[in-house]
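Student: Hi! I have a new structure to look at and I'd like to talk it through. Can you help me find my way around?

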Amino acid sequence: RAQLHFYRDHIRDLLGPVKLASVTPQYIAKVLNRAYENKLSEQTRLHIYSLLRKAFGDAIEIFHLLHVSPVHKSFKPKLPQKEARFLTIEEVRKLLLFAEGKPYEIAVWLGAYMGLRVGEIQALRWEDIDFGRQVLHIRRTYARAENIIREYPKGRRHHSHRIPSELFIKLQDLQKTENREFVAAPSGCRMLDYSRYRRKLLKYCKEAGVRQIATHGLRH
C-alpha cells in the first residue's frame, strides 16, 4: 500500500503514459527533480528513488523486459548523516538481563548477539538452526513493505554463523518448551510483529535504564 501511494502521488502522471522501454534516465531525473522542487523531505525522495530502482530492477531480473535500468545510482538522494546510536557492552548486559523471561527476549538476544536485521529475526525458523553444529543459517528475510517472506536475506546470499554459547543455551531451552514455526515469535503469536517489537524494545531500554535504541541500533 505504501508503494502504491508513492507511485500514485509522485510517479504515475510522469511515467504512467510512457512505454516501459521508452523510459530514459531523463524521465527518472524529471520525477526526482520535481520531488525536490516540491520541497518533499529527503526521506520521501529516497522512498521514490527506491521504488523506481526496485521496479526497473524487477523488470530486468524477474520479468526480463529490459536489459538496462534507467534509474542510475547517482540519482539516489543523499540523506544527512546521523550519529549512530548503539549501546555499550554494559548497557547490552543490563538490557539482556531485563528482557529475561519477557515476550520479546529471544528477539533482543538475536539482535544483540548475532547482529541480525529485524527482518531476518522475523523470518528465522527452527529449521535454520543446526543444533548439532551450533550454527545459525540466515536464509530469508521478512519484507514489511510487501508483507512477504523473501527466500534470501539482504545481499541475496545465504550466510551462516556460529551461535555464542549463552544464546545457544537459551535457544535449546526455548525449543523444548515452544512448538512454533518462527523462533522469535512471542508465545501465542505466529510471527514477530515489527511495530510491537519496536515499541517493546524502546520500553525495555527505558525500564532497564539504558539509552533507548530501535531495532537497527541493537545490531551495533
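Tutor: Happy to! One term before we start: when I say that residues are in contact, I mean that they have heavy atoms within 4.5 Å. Also keep in mind that this is a predicted model.

Student: How far apart are the end C-alpha atoms of helix α4?

Tutor: They are 28 Å apart. That agrees with expectation, because 20 residues at 1.5 Å a residue should span 28 Å.

Student: Let me zoom out. How many helices and strands are there in the protein chain?

Tutor: The protein chain has 10 helices and five strands. Its C-alpha atoms fill a box of roughly 60 × 35 × 30 Å along the principal axes.

Student: And what share of the residues counts as buried?

Tutor: Of the 220 residues in the protein chain, 41% count as buried. As for the accessible surface, it comes to about 13700 Å², and 51% of that belongs to carbon and sulfur atoms.

Student: Which residues have the most contacts inside the largest nonpolar core?

Tutor: That core has 35 residues, and the ones with the most contacts inside it are Leu95, Val108, Leu110, Leu136, Leu167, Leu171 and Tyr197. At least two core residues come from each of α5 (89–99), α6 (105–114), α7 (118–123), β2 (135–138), α8 (165–177) and α9 (194–208). The most comes from α6, which gives six residues.

Student: Now α8. Which residues in α8 are buried?

Tutor: Leu167, Phe168, Lys170, Leu171 and Leu174 are buried in α8. They are on the same side of α8, because they cover an arc of only 160 degrees around the axis. On the other side of α8, Lys176 and Thr177 are exposed.

Student: Why would residues a few places apart point the same way?

Tutor: An α-helix has 3.6 residues a turn, so residues three or four places apart point the same way.

Student: Nice. And what covers the buried residues of α8?

Tutor: The cover includes α6 and β1 (129–130).

Student: Last topic: why does Arg125 count as buried?

Tutor: The cut-off for buried is under 20% relative accessible area. Arg125 has 15% relative accessibility, so Arg125 counts as buried. You'll find Arg125 in the loop between α7 and β1.

Student: Which side chain does Arg125 make a polar contact with?

Tutor: The side chain of Glu181, through a polar contact of 2.6 Å. Leaving aside neighbours within four places in sequence, Arg125 is in contact with Arg140, Ile149, Glu181, Phe182 and Val183.

Terms used. Residues numbered from 1 in each chain as written. Predicted model: local features only at pLDDT ≥ 70, side-chain atom pairs only at ≥ 80, totals over all residues. Heavy atoms only, no water. Core = buried A, V, L, I, M, F, W, Y, C linked by side-chain atoms within 4.5 Å. Buried < 20%, exposed > 50% of the residue type's maximum accessible area, 1.4 Å probe, protein only. Helix = DSSP H or I, 4+ residues; strand = E, 2+ residues; numbered from the N terminus. Arc of directions from axis to C-beta. Areas by Shrake-Rupley, 256 points an atom, 1.4 Å probe, with all protein chains shown as cover. Polar contact = N/O pair within 3.5 Å; in protein donor to acceptor, adjacent residues only side chain to side chain. Expected span 1.5 Å × (residues − 1).
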